[in-house]
Amino acid sequence: RILENAGITFTTIAVSGRPYTRNQIPAQYDGTGYLGEINGARLPWNFNIDLRADKRFTIKATKESRPMYANLYFRVQNLLNTKNISNVYGATGSPQNDGYLLSELGQDRVDDVANTGRGQEAFIDAYSWGLLSPGNYFLPRRMYLGITFDF
């Protein structure tokens with residue numbers, strides 16, 4: 001009876017892509033102006049599976065007192081380690097590139113940095129690191145092991 005008082009649960013969530021409004025002009029880490037209709041663009045689909053397995057054990061059970069239980073559980077969020085997109089830059093629709101450095105304004109900024117004598121490549125690299133916002137993606141796989149007591 002090893003499976004007595006045990007359980008396993010899979011939770012699956014699929015989201016068809018929430019709406020957002022596209023930006024017309026790329027700006028630093030964002031955009032300005034509106035392109036198309038309000039909420040006329042959509043984020044990509046997201047798909048996620050979570051897992052929870054648990055087993056309940058009786059710790060103390062006497063005729064005089066109420067029983068005490070321990071529930072040992074193992075939980076995995078984002079079981080498949082899917083890299084789901086939660087947000088995008090409005091001008092490009094990409095979670096990794098806002099389009100600013102390729103725009104006219106961005107090129108002027110890069111030229112200004114070069115004119116001051118600072119490293120142009122260092123500026124571009126530092127700006128690109130700033131674009132890698134972890135807030136544009138849902139969290140990767142996480143695992144939890146725990147125990148709860150009922151009395």
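Asn81 lies in the loop between strand 7 (68-77) and helix 1, where helices (H or I, at least four residues) and strands (E, at least two) are DSSP runs numbered from the N terminus. The model is a predicted one, in which local features need pLDDT of at least 70 and side-chain atom pairs count only at pLDDT 80 or more, whereas totals for chains, interfaces and linings use all residues. Residues are numbered from 1 along each chain as its sequence is written, and side-chain values use heavy atoms, with hydrogens and water left out.

Although Asn81 is not a glycine, its phi is positive, at about 55 degrees. Most residues other than glycine have a negative phi. With a relative accessibility of 37%, Asn81 counts as partly exposed, the classes being buried under 20% relative accessible area, exposed over 50% and partly exposed in between (1.4 Å probe, protein chains only). A positive phi, of about 60 degrees, is also found at Asn5, which is not a glycine. Asn5 lies in the segment before strand 1 and is partly exposed, with a relative accessible area of 48%. Glu4 lies in the segment before strand 1 (6-15), and its relative accessibility of 40% makes Glu4 partly exposed. Between the C-alpha atoms of Glu4 and Gln120, which are 116 residues apart along the chain, the separation is 65 Å.

Gln120 belongs to the packing of two helices. Helix 1 (residues 104-115) and helix 2 (residues 120-131) pack at an angle of about 135 degrees, with their axes 8 Å apart; axes are lines fitted to C-alpha atoms, for helices over the stretch in contact, and angles run from 0 to 180 degrees between N-to-C directions. Helix 1 is therefore oblique to helix 2, given that angles under 35 degrees count as roughly parallel, over 145 as roughly antiparallel, 65 to 115 as roughly perpendicular and the rest as oblique. In the contact, Arg109, Val110, Asp111, Val113 and Ala114 of helix 1 meet Gln120, Phe123 and Ile124 of helix 2, contact meaning heavy atoms within 4.5 Å. By class, five nonpolar, one polar and two charged residues take part in this contact of helix 1 with helix 2; Ala, Val, Leu, Ile, Met, Phe, Trp, Tyr, Cys and Pro count as nonpolar, Asp, Glu, Lys and Arg as charged, and the others, Gly among them, as polar.

The largest nonpolar core consists of eight residues, namely Tyr89, Tyr100, Leu101, Val110, Val113, Phe123, Tyr127 and Leu131. Such a core is a set of buried Ala, Val, Leu, Ile, Met, Phe, Trp, Tyr and Cys residues joined through side-chain atoms within 4.5 Å. Helix 1 and helix 2 are the elements that give two or more residues to this core, and helix 2 gives the most, with three residues. A second, separate core of six residues includes Tyr20, Leu43, Ile85 and Tyr137.

In strand 3 (residues 22-27) lies Asn23, which counts as buried at 11% relative accessibility. Leaving aside residues up to four places away in sequence, Asn23 touches Asp30, Gly31, Thr32, Gly33, Leu35, Gly90 and Ala91. Leu145, by contrast, is found in strand 8 (residues 142-150) and is exposed, with a relative accessible area of 68%. Under the exclusion of residues up to four places away in sequence, Leu145 touches Leu72, Tyr73 and Phe74. The C-alpha atoms of Leu145 and Asp54 are separated by 9.8 Å, although these residues are 91 residues apart along the chain.
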